[in-house]
Amino acid sequence: MWIPVAGLPRRLRLSALAGAGRFCILGSEAATRKHLPARNSCGLSDSSPQLWPEPDFRHQPKKASKSSLDFKRYVTDRRLAETLAQIYLGKPNRPPHLLLECNPGPGILTQALLEAGAKVVALESDKTFIPHLESLGRNLDGKLQVIHCDFFKIDPRSGGVIKPPAMSSRGLFKNLGIEAVPWTADIPLKVVGMFPSRDEKRALWKLAYDLYSCTSIYKFGRIEVNMFIGEKEFQKLMADPRNPELYHVLSVIWQVACEIKVLHMEPSSSFVVYTRKGPLENPKRRELLDLLQQKLYLIQMTPRQNLFTKNLTPMNYNIFFHLLKHCFGRRSATVVDHLRSLTPLDARDILMQIGKQEDQKVVNMYPQDFKTLFETIECSKNCAYRWLYDETLEDR
């Protein structure tokens, strides 16, 4: 049953469903895994209002041209490659996971991984390096497969025909013989590499949507991602109320979703930098220099087995995202003020249920507190509907 909207303030549109606990119809890409608890979708209508659209990951930011800031870092130091191979493979007597290596370039790290006994699939977006990588794989009993593919363009949202280096995860994993496993199963494979140098935040958002909706690579299980990330984005990703100036939406989303470990730190000078024109020499642009001078942190992001519950699922995760974006849109406000705009439930009672005071500030809430807050609202039986939609919000 729809709740009548008459009498509501203009800025608020009610799009909650009685008993459904969510206020939008998810798109075709949102899927429920059979082994995850699913919510009853009875009563959903094709005409129901939706949340603002998810970010369009096809378009690059317009702050700077591609030619000025588009570059890639490669491991060319043999000693560093051997160190990273030991980190990726873990304990010596443990059977190694299949590794998807993103943009290996000259293949120095690839060779170290192969020599250490790993089975590697090299996903290389630059055709220039593919012949050399293929030569590494010869006579290695299938330990190395080379595919022209950009990991960060897997399952693009542009639609139509997918052309390399973009690729469908379904086609990629089918060719590799990888089958989906339950979310609660062990890690099926690892992805290793570096986040795009000038697009780390965009890549993190894309992976976050895929993870929480169990689509793209996460349709196949709890894929572990091991990536180098720049110092500034790393600090934001790991932030919490102890460093509120860096604490933001992605901090909460990723810390709730994954166990995040720092495996290694390396100065930028350890990597060789290539642009479209070849090796980078004497960079002069200030923004580029800033990127090149950052330390790089190798982080391991392992999705939590207990991420999904009966109150947080791949069917309602975007409501959780909406809650976070609303709250961090006004970081200095109290949580109770935000709740009054988000839900018709008694905001003070909700905070009391999770052990928080009425004057609790957004930036004083830890990531797990936000998950508990969301689930408390979702499981509430005090009201037939639970969420209000504020049309003034835009995606941030």
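How many helices and strands does the chain have? The chain has 13 helices and 12 strands, where helices (H or I, at least four residues) and strands (E, at least two) are DSSP runs numbered from the N terminus. The model is predicted, so local features need pLDDT of at least 70 and side-chain atom pairs count only at pLDDT 80 or more, while totals for chains, interfaces and linings use all residues. Residues are numbered from 1 along each chain as its sequence is written, and side-chain values use heavy atoms, with hydrogens and water left out.

Of the 396 residues in the chain, 53% are buried; buried means under 20% relative accessible area, exposed over 50%, and partly exposed in between (1.4 Å probe, protein chains only). Among contacts in the chain with a separation of 6 or more, 75% join residues 24 or more positions apart, a contact being heavy atoms within 4.5 Å.

Axes here are lines fitted to C-alpha atoms, for helices over the stretch in contact, and angles run from 0 to 180 degrees between N-to-C directions. The crossing of α6 past α8 is left-handed; a crossing is left-handed if the near helix is turned anticlockwise from the far one by less than a right angle, and right-handed if clockwise. On the α6 side, the contact involves Lys201, Leu204, Trp205, Leu207, Ala208, Leu211 and Tyr212, which meet Val249, Leu250, Ile253, Trp254, Val256 and Ala257 of α8. By class, this contact of α6 with α8 holds 12 nonpolar, no polar and 1 charged residues. In this scheme Ala, Val, Leu, Ile, Met, Phe, Trp, Tyr, Cys and Pro count as nonpolar, Asp, Glu, Lys and Arg as charged, and the others, Gly among them, as polar.

Helix α8 also meets helix α10 (residues 317-329), and here the axes come within 9 Å and cross at roughly 145°. The passage of α8 by α10 is a right-handed crossing. Residues Val249, Val252, Ile253 and Val256 of α8 touch Phe320, Phe321, Leu324, Lys325 and Phe328 of α10. This contact of α8 with α10 divides into 8 nonpolar, no polar and 1 charged residues.

Helix α10 in turn packs with α13 at an angle of about 120°, their axes lying 10 Å apart. That angle makes α10 oblique to α13, and the crossing is right-handed. Ile319, Phe320, Leu323, Leu324, Cys327 and Phe328 of α10 make the contact with Phe370, Lys371, Leu373 and Phe374 of α13. The classes in the contact of α10 with α13 are 9 nonpolar, no polar and 1 charged.

Turning to the cysteines, a search of the whole structure finds 0 disulfides, a disulfide being a pair of cysteine sulfur atoms within 2.5 Å. Cys149 is buried at 0% relative accessibility, whereas Cys379 is partly exposed at 39%.

Some backbone details are worth a look as well. Most residues other than glycine have a negative phi, and most peptide bonds are trans. Cys214, in the loop between α6 and β7 (224-230), has a positive phi near 55° and is buried at 1% relative accessibility. Asp155 has a positive phi of about 55° although it is not a glycine, and lies in the loop between β5 and α5. The peptide bond from Pro164 to Pro165 is cis, with omega near 10°; Pro165 is found in the loop between β5 (144-148) and α5.

Key:
Angles under 35 degrees count as roughly parallel, over 145 as roughly antiparallel, 65 to 115 as roughly perpendicular and the rest as oblique.
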